[in-house]
Amino acid sequence: MLLVIVFVISSVIGAQRLSLSGALCALTGKASCSLSAEERAILFDIRLPRILLAGAVGTCLAAAGAAYQALLRNPLAEPYLLGVSNGAAVGTMVALVFFGAHEWGRPVMAFGGAIAATFLVYRLARGRAGASPERLILAGVIVTTFLSSAIVFITTVMDATRIRSFTFWLLGDLSGTTSSLLTVAFIAAAVGVIALVMNARALNLMMLGERDAFDLGVEIGRVRLIVFAAASLLVGASVASSGSVGYVGLVVPHLVRLSFGSDNRLVIPAAAIAGATFVIVADTLARTVIAPRELPVGAITALIGAPLFVYLLKRGTAAVV
Amino acid sequence: MLEAKNITIRYDARFAVQGVSLRVEPGKVISIVGPNGAGKSTLLRALNGNVKSTAGEVILDERLLRSHTRRAIAQRIAVVAQEADVRFPVTVFEFVLGGRYAGANLTAWGWESGRDIELAQNAIAETELAGFESRLMNELSGGERQRAVLARALATEAKIFLLDEPTANLDLAHQATMLRLIRSRCDKSDSAAVVVTHDVNLAAEFSNEVMLMKDGRSVAFGSPREILTEQLLKQVFGLQVLVDAHPVSGAPRVTPVHEMRSGPRA
């Protein structure tokens with residue numbers, strides 16, 4: 001419900017304000033509305049795809065965050081913290097530099113990068129006694145910093161005119177929407193979220209310890225593989241289409257757990273919806289606060305997310321590691 | 001129902017368990033007793049496949065354990081391990097309902113049926129946790145948490161229980177209650193239990209058979225009366241003990257005799 005309201009409000013406001021009744025009328029598919037041709041173009045060609053992308057990105061990141069937290073038994077696990085997003089970013093940049101012509105190159109390489117980074121972090125973190133949350137965070141930091149330097153390296157060898165748009169993209173930018181990226185993001189969001197929800201019951205047990213989950217009948221190897229792949233797909237799709245939008249995967253699942261408890265059968269779908277809402281709001285702010293100029297949406301989510309997370313930590317709801 | 005044949009478990013060059021055999025039959029409670037590092041928990045873990053054995057076989061219902069699916073094994077064997085570490089706000093009820101993972105009759109939407117919920121509630125009542133259903137696991141005391149772990153195992157409806165130090169965090173009253181619960185399950189419903197414990201006296205009281213383990217080997221196996229003798233316990237623990245009969249139950253009662261140079265300390 002909230003998502004629908006946010007969706008409508010977000011489609012009306014922006015650098016060019018549209019009338020609420022006109023937009024509502026047009027959105028419900030009627031032909032004779034009070035919008036001018038120019039306004040219709042703004043609504044359907046610019047604003048709507050961008051809002052849809054924001055929603056898809058939010059869904060991807062929040063659902064992936066919830067899944068990583070459950071799978072890694074770490075309330076602080078998050079695509080960015082783990083280096084998964086940076087992996088996807090490196091993949092995307094490699095695709096842009098080497099196979100710039102292929103539209104599908106970006107998402108495929110981003111997915112590859114995300115999965116490689118996930119695998120690397122997981123292997124680094126895994127000691128004899130399994131992956132402890134502390135080791136995991138450390139491994140995430142190592143992989144993140146390593147990949148950051150790779151990003152810096154790629155940015156440096158690129159020509160100067162593209163650097164600014166890249167810096168913007170790295171911070172999370174939804175302005176470069178294309179219809180194929182939108183399609184990829186939607187398919188990835190649907191496939192990833194369904195795969196996660198189907199494994200949510202197993203995740204509920206793995207969240208409390210892999211050994212116990214094994215004893216209770218969970219095929220932990222299979223579940224781990226599916227969840228890692230689904231989460232990487234979600235992160236890959238979101239990074240390929242919008243760069244690094246931070247904190248969504250951390251804050252949204254926490255807020256959802258506050259109201260729904262920890263059952264992943266509720267947390268994952270609820271985080272998917274709440275994540276979409278959150279990123280649409282953040283992107284609306286990003287394109288309106290200093291209109292007609294724009295902020296990267298990642299800057300807004302971090303500005304909202306970081307203090308909120310500190311607050312959650314202080315309240316002790318984010319079971320401190 | 002469950003049999004371990006000549007199990008050997010090796011970590012690199014070290015043998016954790018060496019050539020141990022064990023037969024679990026309906027109605028029996030078997031205790032495994034021995035010093036720290038004797039391989040008791042490792043052996044227990046091998047019985048449901050959580051630890052892979054280097055040599056030897058585990059047989060469940062006349063078939064190799066590894067030929068069963070994880071889900072099928074979990075429907076037959078429940079494990080009570082030392083308390084779980086819970087980092088997420090999970091309620092006692094959700095935790096216990098987790099025991100229904102393998103055996104649940106799910107609704108079309110993937111939720112547990114009324115029967116699953118009833119089984120979880122019964123297990124909560126049996127472990128004296130009624131009224132705790134909506135409390136969070138990480139807000140419970142160690143003993144309450146341990147009871148929730150036992151409740152989860154009872155909720156599985158499995159017939160074979162593997163318990164690793166089930167009474168470690170419990171007070172005197174709850175230690176007896178928990179073991180009596182396991183005992184009566186085994187007596188009434190053709191269940192069986194293997195209990196790893198440091199408490200020799202509880203083992204004497206509640207088990208049909210006791211295995212003494214040292215350095216990964218089974219030193220002796222038999223009824224509590226045959227096994228819990230001064231000589232065998234000295235051999236395994238390197239400690240002088242006094243064994244007499246429990247004044248009420250008549251089971252062997254073990255009292256360590258400490259070397260006291262100048263009488264008991266004040």
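## Conventions and confidence

Axes are lines fitted to C-alpha atoms, for helices over the stretch in contact, and angles run from 0 to 180 degrees between N-to-C directions. Helices (H or I, at least four residues) and strands (E, at least two) are DSSP runs, numbered from the N terminus. The model is predicted: local features need pLDDT of at least 70, side-chain atom pairs count only at pLDDT 80 or more, and totals for chains, interfaces and linings use all residues. Residues are numbered from 1 along each chain as its sequence is written, while chains are lettered from A and ligands numbered from 1 in the order in which they are written.

The predictor assigns the complex an ipTM of 0.87 and a pTM of 0.86. Where pLDDT is low, the predicted coordinates should not be read in detail.

## Helix packing in chain A: helix 5

In chain A, the axes of helix 5 (residues 105–125) and helix 11 (residues 220–242) come within 8 Å and cross at roughly 135 degrees. Helix 5 and helix 11 of chain A are therefore oblique to each other; angles under 35 degrees count as roughly parallel, over 145 as roughly antiparallel, 65 to 115 as roughly perpendicular and the rest as oblique. Helix 5 of chain A passes helix 11 of chain A in a right-handed crossing. A crossing is left-handed if the near helix is turned anticlockwise from the far one by less than a right angle, and right-handed if clockwise. Residues in this contact (C-beta atoms, placed from the backbone, within 7 Å) include A:Arg106, A:Ala110 and A:Ile115 of helix 5 of chain A, and A:Phe228, A:Leu233 and A:Val239 of helix 11 of chain A. By class, the contact of helix 5 of chain A with helix 11 of chain A has twelve nonpolar, four polar and one charged residues. Ala, Val, Leu, Ile, Met, Phe, Trp, Tyr, Cys and Pro count as nonpolar, Asp, Glu, Lys and Arg as charged, and the others, Gly among them, as polar.

Helix 5 of chain A also packs with helix 4 (residues 84–98) of chain A, at an angle of about 145 degrees and with the axes 7 Å apart. The crossing of helix 4 and helix 5 of chain A is right-handed. Among the residues that make the contact are A:Val84, A:Gly87 and A:Gly91 of helix 4 of chain A and A:Gly105, A:Met109 and A:Gly113 of helix 5 of chain A. This contact of helix 4 with helix 5 of chain A divides into eleven nonpolar, eight polar and one charged residues.

## Helix packing in chain A: helices 3 and 8

Helix 3 (residues 37–71) and helix 8 (residues 179–198) of chain A pack at about 30 degrees, their axes 9 Å apart. Helix 3 and helix 8 of chain A are therefore roughly parallel to each other. Helix 3 of chain A passes helix 8 of chain A in a left-handed crossing. Contributors to the contact include A:Leu52, A:Ala56 and A:Cys60 of helix 3 of chain A and A:Leu182, A:Phe186 and A:Val193 of helix 8 of chain A. The contact of helix 3 with helix 8 of chain A has 15 nonpolar, three polar and no charged residues.

## Sheets of chain B

Chain B holds an open sheet of six strands in the order 6-7-8-3-9-10, with mixed pairing. Two strands pair if DSSP finds at least two bridges between them. Strand 6 (77–80) and strand 10 (217–222) of chain B stand at the edges, each with a single partner strand, so one side of each lacks a neighbour in the sheet. Neighbouring strands of this sheet are turned by 15 degrees against each other on average, direction ignored. Strand 7 (residues 160–164) and strand 8 (residues 192–196) of chain B pair in the parallel sense over five bridges, and B:Phe161 stands opposite B:Ala193 in strand 8 of chain B. Strand 9 (residues 209–214) and strand 10 of chain B run antiparallel, joined by five bridges. These two strands of chain B form a hairpin with two residues between them, and B:Asp215 in the turn has a positive phi of about 50 degrees.

An open sheet of four strands in chain B has the order 2-1-4-5 and antiparallel pairing. Seven bridges join strand 1 of chain B to strand 2 of chain B, and B:Glu3 has B:Arg23 in strand 2 of chain B as its bridge partner.

## Interface

In the complex, 23 residues of chain B are in contact with 22 residues of chain A. Helix 2 (residues 70–76) of chain B gives the most to the side of chain B that touches chain A, with four residues. By class, that side of chain B has eleven nonpolar, seven polar and five charged residues.

Terms used: Two residues are in contact if their C-beta atoms, placed from the backbone, lie within 7 Å.
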